[in-house]
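Have a look at the model first, then read on.

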Amino acid sequence: MMVDLHKSFHVSTTEVARRHYAYAMDICLWLATGHIIFGYNGLIDYVRYHVIPGRYWVAAGIVLLGYRLLFLCKDGLSGYSPGKWVCDLRVVETSTGEPIGPLRSMMRNAILIVPIIGEIIIWAQLHFGNRSFDKWAKCRVVDVADDLCA
């Protein structure tokens, strides 16, 4: 007997679209922040000349990895990232329904340490409900508008 995975694990396309929009907003804001406020080159040059003299690639790797690690905590402020806040979504603990903190945010976003592949895996998993790292971090994304109306 063949099982239609799309039917058996289907999540509403509206919810999936809102999660995609929220993630896209977070990425755009993260990139803009990195280039405008922190200025990759300025920060890399500072590390290269003052912390690790003469080691440009080591300095660049440290700065970019550190900045990538900051992105993992994006949902840790009351369960919201900027994109989720705009799209009325929130990340909560599955057991208590309370917003997640920075540690659970890092756990659920850990796959993003691997550039491009992490994003592809997340975008593919959204169509089947919770991401695998959501289950590992024991959290889920909820619609805030539904909670306010109830």
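## The fold and its largest pocket

Read along the sequence, the chain runs α-α-α-α-α-β-α-α-α-β-α, with nine helices and two strands. Helices (H or I, at least four residues) and strands (E, at least two) are DSSP runs, numbered from the N terminus.

This is a predicted model, in which local features need pLDDT of at least 70, side-chain atom pairs count only at pLDDT 80 or more, and totals for chains, interfaces and linings use all residues. Residues are numbered from 1 along each chain as its sequence is written, and side-chain values use heavy atoms, leaving out hydrogens and water.

Of the 150 residues in the chain, 36% are buried, meaning under 20% relative accessible area with a 1.4 Å probe, protein chains only. Y21 sits in helix α2. Y21 counts as exposed because its relative accessible area is 54%, and exposed means over 50%. The C-alpha atoms of Y21 and K84 are 8.5 Å apart, although 63 residues separate them along the chain.

Now to the largest pocket. A pocket is an open set of points on a 1 Å grid over the protein atoms alone, where a 1.4 Å probe fits, with protein on both sides within 12 Å along at least five of seven lines; lining residues have an atom within 4 Å of a point. Ten residues line the largest pocket, with L29, W30, T33, Y67 and F71 nearest its centre. Two elements, α2 (13-38) and α4 (56-72), each give two or more residues to this lining, and α2 gives the most, five.

| Lining class | Residues |
|---|---|
| Nonpolar | seven residues |
| Polar | one residue |

Note on methods
Ala, Val, Leu, Ile, Met, Phe, Trp, Tyr, Cys and Pro count as nonpolar, Asp, Glu, Lys and Arg as charged, and the others, Gly among them, as polar.
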